[in-house]
Every structure is written in structure tokens, then in C-alpha cells.
Amino acid sequence: MEYAWYWLDDSGQWIEYGEEHPHHCSATVKSADLEKEFLADQKGIVFFRAGSQNQNMTLSCFVCPPQWDQSALPDIGFELVQLSYTSSEYGKIKRLFEKTMKNYCIHQLQRIQNPTLWQVFQWQKEQMKKLNKSKWVDERLLFHGTSPSHMPAICEQNFDWRVCGTHGTMYGKGSYFARDASYSHMYCSSRSGRYSMFVAHVLVGDFVQGDPKYLRPPPRHSNSNRLYDSCVDDLRDPSIFVIFEKHQIYPAYILEYSSAAQCMIL
């Protein structure tokens, strides 16, 4: 199997090393060169030029979360892995869900394993740490309700803020996530008595009070060249978060559930 090396530009486009691009300087190193160096030394450093700038890259292999199923790591796209109800991972999500959904029961919890989206999410986290000059960024597990017909595309491509108007834009025109599963449940559609919602890792970072007119977060008071990371419904006790940059999100789980009465019938 041959692998290709790409880099992510500021607009979120992946570009293969060595390829000509109308808006970027060509690098003196090609994808095949990087793969050769990586096979020789998986922690080596490669020096090259991009336009008039000298660059260096520390090579590293993809590192997935330790709980991921190593047999379900696709090169492209995603795999769904059903979690055992006895696992600590399942228990953590169950407790979050049941805080506000006591009259509902979980039928299954599936982990979304999308290596590409996970790498982009980790890259975004590192960028936010650097900008904040910190080793920490505010990351939360949040819920998102949507139609089942949208779920495969979200698992494959991540959330798309351009369809945010479907459920309102009270705090800005972005993708909405909730602390409480009960809020997200209002936007879930039932299929034969069963509902599905996402649980996502979200880099909420430094947030500000939301506003319907926001197409992106406003500038920070301390630095007008830097925007806030997200918007919220209440600064003192936020329960709704609006994200405008999809790289700040990783769709982590699909939770399938129904009312307690429906569970008893089944």
C-alpha cells in the first residue's frame, strides 16, 4: 500500500506535497520523498524549501485514541464500532445522556472512527493552544440533534454550518451543540419510535455571548485581530454553544435511544 502526504492550508483544503497549486508556493519535497524518509525514520526531520522560505517537518505516524478498534481504521471515510454497555466509554456517555433524559433508554452507542477528521481536529487543537500560549484548550462533550438522513454525511465530512438555519440562528449562524441531551432531543426525528443524536468532541475555547447577526465570532476585546472561538447562550452558565469552524468539532458517537415505555415494549 502506498501512502501520500498532504498539508492543510488556511482555507481547510488538503494539498499533496509537491503538487502545483495556483495560490501556494511549490515545495521542493514531494509526497513520495516524505514517505521514503518516514519509512527510514518515523521520527526524523526533513528540511525543504517552499518558495523563498526554508521549512522543516518532524515526521510522525497517525496516532488514534487508545480505545479505538485498530481493525476499523479506514484510509478514507469512517467506520462505526458498536460499544459494549459494560465499557467505561459507554458508561461515561450514558451518564451524560441520563442527566436530562431520565425517561429514555439507550439501545446502542456507536463510536465513529474517522482518522482524517480526527487528525484535523487534533491539528486544530494544537493551533488553538499555540494562539492562546497555553497547554490547555476548553474541550467539551456536547450533544447535537439532527435528521437521520444527515448522519452519514456528517460522519464522513463533519458538521456543515451552511445548513445551520434549519433549527434557528438565535446565537449566530453556526453549528449548534448542547450541554443537555434534552435540548438536542427536540431536533431529533423518530424512526419507528427510535431516535438518534450525535455526541461530539467540541473545542469551545474562549467564548462570547451569541447574537443572531454573527456569521463568525466577534473580535476579542484584548486583540481585535483575533476572534473568539465560539458563541454561547449564557456566559455565566452556557448550555448552548455555536461553532463556526468545523475543524473545532469531531463527531464522536451516534447514540440511538427511545422512551422508557418503548424500551419495555421492545
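A residue is called buried when its relative accessible area is under 20%, exposed when that area is over 50%, and partly exposed in between. The model is predicted. At 74% relative accessibility, Ser192 therefore counts as exposed.

Ser192 is found in the loop between helix 5 (181-185) and strand 9. Its phi is near 55 degrees, a positive value in a residue other than glycine. Lys133 also has a positive phi, near 50 degrees, and is not a glycine. Lys133 is placed in the loop between helix 3 and strand 7. With a relative accessible area of 78%, Lys133 lies over the 50% cut-off and so is exposed.

A search of the whole structure finds zero disulfides.

| Residue | Relative accessible area | Class |
|---|---|---|
| Lys133 | 78% | exposed |
| Ser192 | 74% | exposed |

**Strand 9 and its partners**

Strand 9 covers residues 195-203, and eight of its nine residues are buried. Strand 7 (residues 139-145) pairs with strand 9 in the antiparallel sense over seven bridges. Strand 13 (residues 249-259) also runs antiparallel to strand 9, and eight bridges join the two. His201 can be followed across both pairings. In strand 9, His201 is the bridge partner of Leu141. In strand 13, the bridge partner of His201 is Tyr250.

**Aromatic pairs around Tyr250**

The structure holds twelve aromatic pairs. In one of them, the ring centres of Phe121 and Tyr250 are 6.4 Å apart and the planes are at 50 degrees, so this pair is tilted. Phe121 belongs to helix 3 (residues 115-132) and Tyr250 to strand 13, so the pair links parts of the chain that are 129 residues apart. Phe121 and Tyr250 are both buried. Ring pairs also bring in Trp68 and Trp118, which form a cluster with Phe121 and Tyr250.

A contact of another kind involves Tyr228: the charged end of Arg220 sits over the ring of Tyr228, 5.6 Å from its centre.

**Nonpolar cores**

In soluble globular proteins, nonpolar side chains tend to be buried together. Here the largest nonpolar core has 42 residues. Among the residues with the most contacts inside this core are Phe97, Phe177, Met197, Phe198, Val202, Tyr250 and Leu255. Elements that each supply at least two residues of this core include helix 2 (88-98), strand 6 (104-113), helix 4 (151-157) and strand 12 (240-243), as well as helix 3 and strands 7, 9 and 13. The largest share, seven residues, comes from strand 13.

Which residues does Phe177 touch, not counting those up to four places away in sequence? Phe177 touches Leu142, Phe143, His144, Phe159, Ala200, Val202, Ser239, Ile240, Phe241, Ile243 and Ile249.

A second, separate core has nine residues, including Tyr171, Tyr228, Ile240 and Phe244. Tyr228, a member of this second core, is the residue whose ring lies under the charged end of Arg220.

Terms used
Residues are numbered from 1 along each chain as its sequence is written. This is a predicted model: local features need pLDDT of at least 70, side-chain atom pairs count only at pLDDT 80 or more; totals for chains, interfaces and linings use all residues. Side-chain values use heavy atoms; hydrogens and water are left out. Buried means under 20% relative accessible area, exposed over 50%, partly exposed in between (1.4 Å probe, protein chains only). Helices (H or I, at least four residues) and strands (E, at least two) are DSSP runs, numbered from the N terminus. Two strands pair if DSSP finds at least two bridges between them. Rings of Phe, Tyr and Trp (its six-membered ring) pair if their centres lie within 6.5 Å; planes under 30 degrees apart count as stacked, over 60 as edge-to-face and the rest as tilted. A charge sits over a ring if NZ of Lys or CZ of Arg is within 6 Å of the ring centre and within 35 degrees of the ring normal. A nonpolar core is a set of buried Ala, Val, Leu, Ile, Met, Phe, Trp, Tyr and Cys residues joined through side-chain atoms within 4.5 Å. Contact means heavy atoms within 4.5 Å. A disulfide is a pair of cysteine sulfur atoms within 2.5 Å.
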